[in-house]
Amino acid sequence: MHLHRIHHVAIIASDYARSKDFYTRVLSLRIVAEAYREARDSWKLDLALPDGTQIELFSFPSPPPRPSRPEARGLRHLAFEVTDVAASAAELESHGVEVEPLRVDEYTGRRFTFFADPDGLPIELYEAAA
């Protein structure tokens, strides 16, 4: 087997409209496709990053809450690489998003921080190598 890259990450939102706004307006992800699946009473929104990696945003009736943050089993967090963590954090804060203080990865020396999506999913911003 030869895995090439991550194709997509799927996220289930408790409030589809709120999460759609967050991922498209605040994080500036590009909409690839959007469909309502009547049989499931569910929306599916395909969003893309510049490199083609996608996020699938779903709505489902009454999804259970995330058990805990951040150390629940399963996906721990979603991380995005950015050129400047401080500038990206400031942009998020200008949208009213609470961002944790910047830290430095002790192994790579790169800066990073965390914030949460509307449902509390931990998202990391990780600074690209210079």
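Which strand holds the place of alanine 79? Alanine 79 sits in strand E5, residues 78–82.

This is a predicted model, where local features need pLDDT of at least 70, side-chain atom pairs count only at pLDDT 80 or more, and totals for chains, interfaces and linings use all residues. Residues are numbered from 1 along each chain as its sequence is written, and side-chain values use heavy atoms, with hydrogens and water left out.

**View A. Alanine 79 in strand E5.** Alanine 79 is partly exposed at a relative accessible area of 45% (buried is under 20%, exposed over 50%, partly exposed in between, with a 1.4 Å probe and protein chains only). Its C-alpha atom is separated by 9.5 Å from that of phenylalanine 112, 33 residues apart along the chain.

**View B. An open sheet of 4 strands.** The order is E1-E4-E3-E2, with mixed pairing (strands, DSSP runs of E with at least two residues, are numbered from the N terminus; two of them pair if DSSP finds at least two bridges between them). Strands E1 (8–13) and E2 (30–37) are the edges, each pairing on one side only. Here, 7 bridges join E2 to the antiparallel strand E3 (residues 42–48). Look for arginine 37 opposite serine 42 in E3.

**View C. The largest nonpolar core.** This core has 26 residues (buried Ala, Val, Leu, Ile, Met, Phe, Trp, Tyr and Cys joined through side-chain atoms within 4.5 Å). Tyr23, Leu27 and Phe115 have the most contacts inside it. Helix H1 (helices are DSSP runs of H or I, at least four residues) gives the largest share, 4 residues.
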